[in-house]
Amino acid sequence: MIGRDLLGIEDLEREEIERILETAEHMREVGRRDVKKVPTLRGRTVINLFFEASTRTRASFEIAGKRLSADVVNFSPSGSSLKKSESIFDTAKTLDAMDADAVVVRHGVAGVPKRIADLLEAPVINAGDGAHEHPTQALLDCFTVLQRKGRIDGLTVTIVGDILHSRVARSNVHAFRKLGAEVRVAAPPTMLPTRVEETLGVKAFTSLREALDGADVVMALRIQSERLEGAFFPSVREYSATFGIDRAKLSYAKEDAIVMHPGPINRGVELSHDVADHRPSVILDQVRNGVALRMAVLYLFAGRDPHGSVAGPGGSA
Amino acid sequence: MSRWILRGGRLLDPATETDEVCDLLIDEGRVAARGRDLEAGDTREIDAAGRWVCPGFVDLHTHLREPGQEYKEDIATGGRAAAAGGFTAVACMANTQPVNDDPATTDFIIDRAEHDSPVRVYPVAAATRGLEGKVMTEMSALVAAGAVAFSDDGKTIMDTGVMRRVLEYSRLVNVPVITHAEDRTLVSGGVVNEGEVSTRLGLPGNPALAEEVLIVRDLALAEFTGAHLHVAHVSTRGGVTAIRAAKERGVHVTAEVAPHHLALTDLEVLEFDTNAKVAPPLRSAADRDACRAALCDGTIDAIATDHAPHALHEKELDFREAPPGMIGFETAVAVVLDLVRCGEIAPLELVRRLSTQPARILARPGGSLEVGAVADVTLVDPERSWLYDPAKGYSKSQNSPWAGCTLTGRPTHTFVDGRLVYDVERGILT
Amino acid sequence: MQRLTQSTPQRPQDETDPRERPQAPRGPSRVLLDDQGIQRSLMRIAHEIVERSAEPDHLYLVAIPNGGVPLARRLAQGLREVADLSLPLGVLDTTLYRDDLLSSGRRPPLRRTEMPCSVDGHVVVLVDDVVKSGRTIRAAMDALKDFGRPRAIQVVGLIDRGHRELPIKLDYVGKNVPTKLDEAIELREVDGAEGALEMVIYEAPGAAADGEGER
């Protein structure tokens, strides 16, 4: 059922997503114990191969791996400020030589985890590749919504922000759609990808109000002002006024709508302070759920014998 | 003594509008006779039954990487790969190291070619110094040294004022200015065609608009200056439309298209294969179809491979870092034969675009098998099925999306100046 | 117009979907213990537990899913009836502690774990439906370590079918049933009778029909 690698939500069937979410629920319980550790991946090596800096996601994977008793190794090929491009082939060969049981890859350019996966026996988990996919983020987002709303079928999910450059947006669109939600995206015209409606199966809006109308879930994406200001939108001030979410704008959504954000938040830009910190916001849940979700992913993908399969119940009593 | 008789092949000579089965006699580097049942005398004979006998193919747009990047290709290996692809003459671009913006470098290339290349090599010199797009090069001196055209290919001259002066000045020497039409500010870091594929993959997109805008600009400049503009590697529907309209207005413009833009679309990059990364990028199906139609109706004059070798370690980088380009000499014929197989173009017309037109654009001999013409001859077996393994090819590099594919159609013999330089059974003959 | 490129070699997908993997072939079945039989055994065990426990109020029942759960509930009810005991009842999934996960490459689905309080100082009574190799009990003992330090651990197995691979003994047994390795024993709900359970044995396929059939 589940393939060898987790490269993107686009490749997953609905049943596979549900399986991962069910497993995460059980892993959440482990996180509530006094001794937050199980011996399941003892003696296995998980390598975090992060070409792009990331404290949060990497820490989340590291905690997840350690809670499963795996040995987690952090490997940052581009340590120095002079980033020398490393041949993917060379990287894969090095990992092979380390006998990794799972490799978690984050890279600034789409496609690298896939190309590494093509060269390695070990399973590869995509922790974010360019603007392409960030499957564990989308899975933990779905997990969080399920906890709060009890279901995803029939919900309206609105994603607001720089859709064009966002892997979180792409993965979430695929995930929520596969689980039966209606997905909308809202952004200034410069940040909506070409033919986004036909290609991703969403409704696209440049009016935040229309996009939020009746939404059950409001997801705000991080704006990268350093890179994009001036070219894609004129100023942070204008972005915040037209697409930033505050109490007033939130009132267009359903009364019990929840607010999400993958973090880190630019306070006052994507979300106003009170929206970020108070009741409708589930942002801290997202972070907590991240570890449980990543434990589920490592449990399901790591350390399998290359010719083994993700089996159902069995084994001797 | 090189006397050859090519027996019973299908003679396709666009220069004399000939498409018939007959024999061809080559003697002392020239076409000596043609007709049925020619008297042999003391000659070597090739049974050309079932083959096409064409004037040698001329590739207007290639990168031989010498001087400076010989680890990817050099004039010797590039020349051999070209011969194996049925090309008897290639024009090589100036983006070498150093840039070919100086008669000394042009001399060097010509000299190297004379010694090492089995095929003719015509250097295209840079239009601006260092390819910087600011100061034009010494066109007179460069033409005297042997340059056949000018181009900043690899880059675009973004300053419209500079491009105007380059085109105007080129009238002094009467050679084409070849434009690589991509508005850098619209390309904006794009690595694949902007469209459904780029939206799905989240890779930065390079819109067709970037090419269209620049082609429209350069056509206006060509019209204004009366110079001969040649548009390199056309890849878009909009570009084709603009060129067609300009030709109707009488603008002195010619255009070329690469085999990969006639055959492939941006779907090729779905697996992130960097061998499918090229500039301009592989485009949508509509763009590809427009290019095919344009080649057939004459809007696009010639086929040119844009042979662009890159080393394995360079293509093994991520999709953003990997340099764009693919090798093309040895696959070109098989790929473009598809147009004949699909009934879109007649064999004689295809050969015109591979040989006669490119020769005419460069104002060089070639593209003709008239009696007395230089004996640059290519024999093609259009039905021959073969497995393409770039590791077994003559190029130093292997960056081709057709690696491992079974192709149909292959040149079997290549003659330059009446000498057999390539034979598919024995390889390059020195 | 055909795609001319060869696609990158596909990594081999897992060959079987566990939902579709056929179960080990099963032969004819018969009922070992019907609902009444199960209830009688559990009540007897409840009495035995009370007799042997010096401090019965330190007991803590821990069910091993799936089969152990309804049995532990009934046992708790029995202990309430016999000795008016109100004991903590936990559920402890042992999947993450299995010793065969990595070697088999399998990833069985996880089950609920709910431990209402720490096991420190308690006498834990593990409850499972069928005990064979002893590995599940061993995994449960490993798991219990992460919930505190029990004063003692005892094991209730409704069916002991033999074939131990580890030195695990049962403190309380419902029924000893010698079996062949290729037979299977399962606790299941009775069709049409809500809440009723039965313990069923499946003989190996091809076993000679011996006139017994289902009782």
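What follows is a short exchange on a sheet in chain A and a domain interface in chain B.

Modeller: This is a predicted model: local features need pLDDT of at least 70, side-chain atom pairs count only at pLDDT 80 or more, and totals for chains, interfaces and linings use all residues. Residues are numbered from 1 along each chain as its sequence is written, chains are lettered from A and ligands numbered from 1 in the order written, and side-chain values use heavy atoms, without hydrogens and water.

Biologist: What makes β3 and β4 of chain A a pair?

Modeller: Strands are DSSP runs of E, at least two residues, numbered from the N terminus. Two of them pair if DSSP finds at least two bridges between them. Four bridges join β3(A), residues 102–107, to β4(A), so the pair qualifies by that rule. V105(A) stands opposite N126(A) in β4(A).

Biologist: Why are β2(A) and β4(A) at the edges?

Modeller: The open sheet has the order β2-β1-β3-β4 in chain A, with parallel pairing. β2 (71–75) and β4 (124–129) of chain A each have a single partner strand, so one side of each is left without a neighbour in the sheet.

Biologist: Why is the meeting of R352(B) and E17(B) called a salt bridge?

Modeller: The rule asks for a side-chain nitrogen of Lys or Arg within 4 Å of a carboxyl oxygen of Asp or Glu. The side chains of R352(B) and E17(B) meet at 2.8 Å, N to O, so the term applies.

Biologist: How many salt bridges does the rule find across the interface of domain 1 and domain 2 of chain B?

Modeller: Four. Domain bounds come from an automatic or database domain assignment: domain 1 of chain B is 4–53 + 373–428, and domain 2 is 55–361.
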